[in-house]
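Here are my notes on the structure, as numbered points. Please read them with the model open.

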Amino acid sequence: MNKQWVLDITIATYAISILLYFIFHNGINYKSRNNLGNYQNIITINDKKDTKKNYNSDIIDNKPSNIFYFVQISDIHISEVFTEGSFSHLKCFVENVLPLISPRFVFVTGDITDAAPNNGLQSVQKETEWQAYKKLLDNNEFIQKHDNKTFWFDMRGNHDSFNTPSFDHEANLYKKYSRSQTQSFHINYMTNYGSYTFNSIDATPLHGPSSPYNLFGVINREKIDKLASVYDFAKANKHKHIFTFSHYPQATINFAKTSDARSWNELSKQTSLFFSGHLHDLYLGEALYTHHKNFIELEIKDLKLQGTYRIIAVDHDTINFVDNILPMPEIPYLNKDSLDELLEQHYNFTIEKPIVLITNPQDIQMALPENHFPKLEEKTLTHVRSLIFSEKKINSIELFIDGKKISTIDSLSNENSSFKLVGNDDKNADDYLPLYAMKWDGNEYYDDGKVHTMIVKAYDQDNNVGENTVRFSFDYKREDFRISIIGRKALTFYLPILLPLGCAGLIFMYHFVLAVIPFLYYYNNDENNVNYKEIDQFEMENLNESDSESSDDGHSYHTSKFNKSKQKGLIFRLFIQPFINFASNPYLFYPYHFFYLYNLIGPQIFGNLMSAGDHFGESFVMAFLHGVVAGGQRINFTDGYFYMLKDLIKIQPILFLLMVYLNHCKCRQYFITIIFHILLIFYCLHSRNKIITSYGMFKFFSSPFYSWFIIWEVISIIMLIIKNYKKYPSNYGKIFK
């Protein structure tokens with residue numbers, strides 16, 4: 001019996017799916033007008049002071065110049081539902097840490113609020129969470145003193161864009177309550193010793209559906225044009241560094257090309273550091289730092305549960321950083337008070353140990369790629385320089401290199417001390433700069449091509465010690481980050497390419513290789529051209545017969561046309577015959593075949609996925625494998641591939657192999673085996689809980705991908721268990737004969 005039509009429909013569906021991929025991918029490149037050369041949104045911050053003074057940046061000495069530093073925090077997740085960390089951590093940072101550090105800028109890279117639903121259904125932007133954020137910043141004296149829209153810059157994360165039909169929609173509370181209130185900020189920072197660019201990338205979707213379809217970022221052509229314009233402006237004005245901020249790591253963003261066909265890979269040659277959040281260190285306790293081909297990316301652990309903040313120093317254009325933990329009794333800090341009650345409280349947590357950040361020499365793990373633009377000039381280092389932040393006065397500082405103490409007089413009260421305060425440690429002063437320097441002939445004694453380890457230890461008046469370590473070399477070689485291989489490599493896997501490829505490979509295996517090919521083999525092989533019910537009846541009649549009784553019978557295992565496969569080898573009987581039997585069962589194969597074809601071209605879920613929409617056009621969303629249709633636009637989301645891949649890895653192997661096994665196994669299952677099967681089924685059903693809690697039971701049951709397929713698989717497995725239990729004895733000896 002020829003079943004060529006099955007192959008034809010399969011090939012046609014695969015072709016349509018590939019076409020849909022390109023249609024959705026082209027969606028991010030669609031734009032009505034060219035935005036290149038648009039410099040209107042660039043903010044200029046001029047910190048030039050004495051323009052007549054000569055700032056010699058070729059020598060790194062003990063002058064308190066050519067240096068600035070800034071702070072990054074991310075993933076605060078202010079929540080009226082969850083009480084651990086989040087707002088308490090932000091309050092501690094603002095009230096206790098920020099006045100001590102007193103950075104030039106603070107950058108918040110997204111997920112300011114959590115937007116967790118109170119009713120367990122769709123995520124929604126909450127006024128109370130955003131109001132708490134705004135009140136905390138507005139009422140803080142330090143921020144009031146320093147912030148005239150040039151100090152605290154925040155940007156949206158995926159949680160901040162949940163259930164927002166558009167950026168200008170009233171549901172977008174970020175635009176109302178944040179400090180920046182714009183999709184992205186672009187800063188032209190001018191100093192006496194050069195200019196620098198601080199630039200953000202808002203990769204949140206134009207139409208933000210509720211969780212979970214908001215996990216990956218997308219930069220359309222309009223946004224990439226604006227980004228390229230900022231980079232072009234920086235290049236034309238000879239900016240020394242471009243610092244790029246994004247909630248989403250680069251590996252999770254789908255980038256369009258600019259109007260003049262430049263890719264992100266080409267643009268990224270100009271950026272020095274890429275700061276991101278979002279991944280919460282993958283909940284592995286690992287720092288995520290990566291050397292990309294063109295730039296360095298530093299993902300920061302969240303403020304929500306891990307209480308992490310980052311200090312980045314730029315000293316004579318060399319960059320060093322340190323990640324620190326909030327000074328709280330426990331992390332995460334548990335506070336069951338409401339957000340309004342927390343606002344009324346005053347935190348007075350003390351940073352007990354000095355915070356040390358060596359600013360020069362540069363740690364070789366922070367050396368920029370050789371193809372970085374612009375090419376920075378080599379400098380002569382005459383002093384070790386270090387920022388030391390301390391609640392109490394610093395008494396002494398020690399310097400060690402390769403385990404050997406280099407500093408000779410440690411006490412700062414001695415006028416001949418090795419380290420000297422060259423800045424200003426008065427936290428209330430406008431020129432506060434706790435910079436310490438020690439004369440050091442490093443270029444002469446350590447220019448030997450080797451990598452050396454430097455440690456600076458600072459002791460306060462209570463003998464509390466803080467320290468910082470760098471590894472340096474004067475031949476400008478670069479070293480891998482001193483973290484685990486997972487932390488170094490996690491951000492190098494570009495998911496917008498890898499996830500579609502992974503999906504394609506697993507779909508091809510589960511559907512075409514393990515189902516369609518066995519189906520075609522069975523129906524195009526004359527000896528297999530029999531009715532499935534006839535096979536089932538034959539095996540029922542012969543199952544209880546002994547081998548000896550049936551050896552000479554016309555229906556024996558060795559002569560029957562139904563059992564020619566029994567003569568095959570062990571590998572065939574164990575790993576091939578079960579799939580042929582599955583494909584020969586029309587009650588199993590055709591529904592399985594249909595659902596896979598549907599998932600390639602049909603919507604995974606559809607309906608009112610943005611409850612904040614004012615009308616049907618704003619609220620209705622269709623999520624396909626290759627992207628999302630929302631607000632009348634198609635967006636090449638990576639989310640569909642991610643959830644499909646999770647399904648293909650965690651759920652489909654279990655359910656599919658259970659069906660194959662139970663269909664092939666003509667015997668009664670033991671009770672312990674049945675219980676094990678049921679536990680596996682519950683595990684698979686539990687994986688759908690996220691969709692149910694996000695969108696409700698109705699949308700779950702109206703979703704072919706999330707409900708119909710798995711419900712059919714579960715029902716089929718239960719029916720096979722019942723059938724085997726009723727019809728067959730417990731005779732495992734003949735299962736794989």
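1. M190 is the residue that stands opposite S195 of strand 7. This is a predicted model, and the pairing belongs to a set of six bridges between strand 6 (residues 186-191) and strand 7. The two strands run antiparallel.

2. Is strand 7 buried or exposed? Eight of its eight residues, 194-201, are buried, so the strand is largely enclosed by the rest of the structure. Buried here means under 20% relative accessible area.

3. Which residues lie on each side of strand 7? One side carries G194, Y196, F198 and S200. The other carries S195, T197, N199 and I201. Both faces are covered. In a regular strand, side chains alternate between the two faces of the sheet.

4. On confidence, the mean pLDDT of the protein is 85. A value of 70 or more is reached by 87% of its residues.

5. Two stretches call for caution. Residues 546-562 stay under 50 in pLDDT, and the model gives them 27 contacts beyond four places in sequence. Residues 732-737 are also below 50, with 19 contacts beyond near neighbours in sequence. Where pLDDT is low, the predicted coordinates should not be read in detail.

Note on methods
Residues are numbered from 1 along each chain as its sequence is written. This is a predicted model: local features need pLDDT of at least 70, side-chain atom pairs count only at pLDDT 80 or more; totals for chains, interfaces and linings use all residues. Side-chain values use heavy atoms; hydrogens and water are left out. Buried means under 20% relative accessible area, exposed over 50%, partly exposed in between (1.4 Å probe, protein chains only). Helices (H or I, at least four residues) and strands (E, at least two) are DSSP runs, numbered from the N terminus. Two strands pair if DSSP finds at least two bridges between them. pLDDT is the predictor's confidence in each residue, from 0 to 100. Contact means heavy atoms within 4.5 Å.
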